[in-house]
Amino acid sequence: MKKDFYEILGISKGASPEEIKKAYRKKAIEFHPDKNPGDKAAEENFKLAAEAYEVLSDPNKKAKYDQYGHQAFDGAQGFGGGSMNMDDIFSQFGDIFGGAFGGGFGGFNGGGGQRRMKGSNLRIKVKLTLEEIANGVEKKIKVKRKVQAKGVRYKTCSTCNGQGQVMRVTNTILGRMQSASTCPTCNGSGQIIESKPKEADAYGMITEDETVSIKIPAGVTDGMQLKVSNKGNDAPGNGIPGDLIVAIEEVEHPTLKREGENLHLDLYISISEAVLGVSKDIEAVNGKVRIKLEEGIQSGKILRLKGKGVPSINGYGNGDLLVHINVWTPKTLTRDQREFFEKNLNNENFNPNPEQNDKSFFEKVKDMFS
């Protein structure tokens, strides 16, 4: 069972953003790999603290965690926590540490000081049908990535001596103050290009096509973004690749309308079918489903098919399929048909006579959303 994020950082649920940040800084310094070389337990605690901070420092993620706990993120690719590595931690949260550990809190290299650059992220859109969303799918997408060219040689940056940062001393009214800033020559990587192939750019990069396999979980929604780690652009030297950000675009279904995990279907039937009752094959997200309509079914009735909707992204089961019954009134009639209806125009059995338990349209809508 995963440990509570608040417990990991040693704070209460009512902690302010500043208190959360302060608590994380304290834990991360305590368990930092440079301070605990070779200590696997400390490294694990370091990762747990970063995972907790990633969620609790984000208002949206924190709200989900407060409501659902760890289940809010389990099984959903691209939702924080669970898969953080050292490079993720150092690249995302390095600014929190300021001058700790020799003025540099960069990539994990076991010795401290040198910063590992992270390449830029790539963003793509993936179109999904309702069937793909309901079942989950693996997509193979071709992306253009910047990768390090073969034959590029680097040397230690002479400006920062490979540290990635330069120190400055400033005289203030409080005395001499020392501060660190990113090296302007190597942009913090600690290395500069010594030689490169002709086709490479100024950073030693070339553009290549790569086919990336993306596993998309069931239940994603339009506009949702998933992250594929290390499939963005490469970084120069010993840097780490950026990420591939995948934006979901839902293709509209011709007959089924989605509302969260629920699906809606308009079913049109004839007057004869409504009067006599009938069995119908209707389209659900995973194929045909047969339903039975009772005799005398009224237009506006809503049939709820449990579990025939879309799965919850958080693993809380499937939504429902709501079938809206619409009795179709013919616009033209034959002579015999017209005579039949004229004959029964004043027939008591044909006059509207709603029963006490027949709900109005507004009551049905209210029930549907309750």
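**Exercise 1. Find where Asn230 sits in the chain, and say whether it is buried, partly exposed or exposed.**

Step 1. Look for Asn230 in the loop between strand S8 (225-228) and strand S9 (244-250). Helices (H or I, at least four residues) and strands (E, at least two) are DSSP runs, numbered from the N terminus.

Step 2. Before going on, know what you're looking at: this is a predicted model, where local features need pLDDT of at least 70 and side-chain atom pairs count only at pLDDT 80 or more, while totals for chains, interfaces and linings use all residues. Residues are numbered from 1 along each chain as its sequence is written, and side-chain values use heavy atoms, leaving out hydrogens and water.

Step 3. Now the cover. Buried means under 20% relative accessible area, exposed over 50%, and partly exposed in between (1.4 Å probe, protein chains only). Asn230 has a relative accessible area of 34%, so it is partly exposed.

Step 4. Check the backbone too. Most residues other than glycine have a negative phi. Asn230 isn't a glycine, yet its phi is positive, about 65°.

**Exercise 2. Which loop holds Asn161, and what is its phi?**

Step 1. Go to the loop between S3 and S4; Asn161 is there.

Step 2. Its phi is positive at about 55°, although Asn161 is not a glycine either.

Step 3. Asn161 has a relative accessible area of 59%, so it counts as exposed.

**Exercise 3. Describe the surroundings of Cys157.**

Step 1. Cys157 lies in the loop between strand S3 (153-156) and strand S4 (165-172).

Step 2. Its relative accessible area is 0%, so Cys157 is buried.

Step 3. List what Cys157 touches, skipping residues up to four places away in sequence: Gly162, Cys183, Thr185, Cys186, Gly190, Gln191 and Ile192. A contact here means heavy atoms within 4.5 Å.

Step 4. Take Ile192 from that list. Cys157 and Ile192 are 35 residues apart in sequence, but their C-alpha atoms are 5.5 Å apart in space.

**Exercise 4. How many aromatic pairs are there, and how are Tyr24 and Tyr53 arranged?**

Step 1. Start with the rule: rings of Phe, Tyr and Trp (its six-membered ring) pair if their centres lie within 6.5 Å, with planes under 30 degrees apart counted as stacked, over 60 as edge-to-face and the rest as tilted. That gives six aromatic pairs.

Step 2. Tyr24 and Tyr53 are a stacked pair, 4.6 Å centre to centre with 10° between the planes.

Step 3. Trace where they come from: Tyr24 belongs to helix H2 (residues 17-31) and Tyr53 to helix H3 (residues 40-56), so the pair, 29 residues apart, links distant parts of the chain.

Step 4. Both Tyr24 and Tyr53 are buried.

Step 5. Elsewhere, ring pairs join Phe5, Tyr6 and Tyr65 into a cluster.

**Exercise 5. Which residues touch the most other members of the largest nonpolar core?**

Step 1. A nonpolar core is a set of buried Ala, Val, Leu, Ile, Met, Phe, Trp, Tyr and Cys residues joined through side-chain atoms within 4.5 Å.

Step 2. The largest one has 39 residues, and those touching the most other members are Leu244, Val246, Ile282, Ile291, Leu293, Leu321 and Val323.

Step 3. Apart from this core lies another, of 20 residues, including Leu9, Ala23, Ala42 and Val55.
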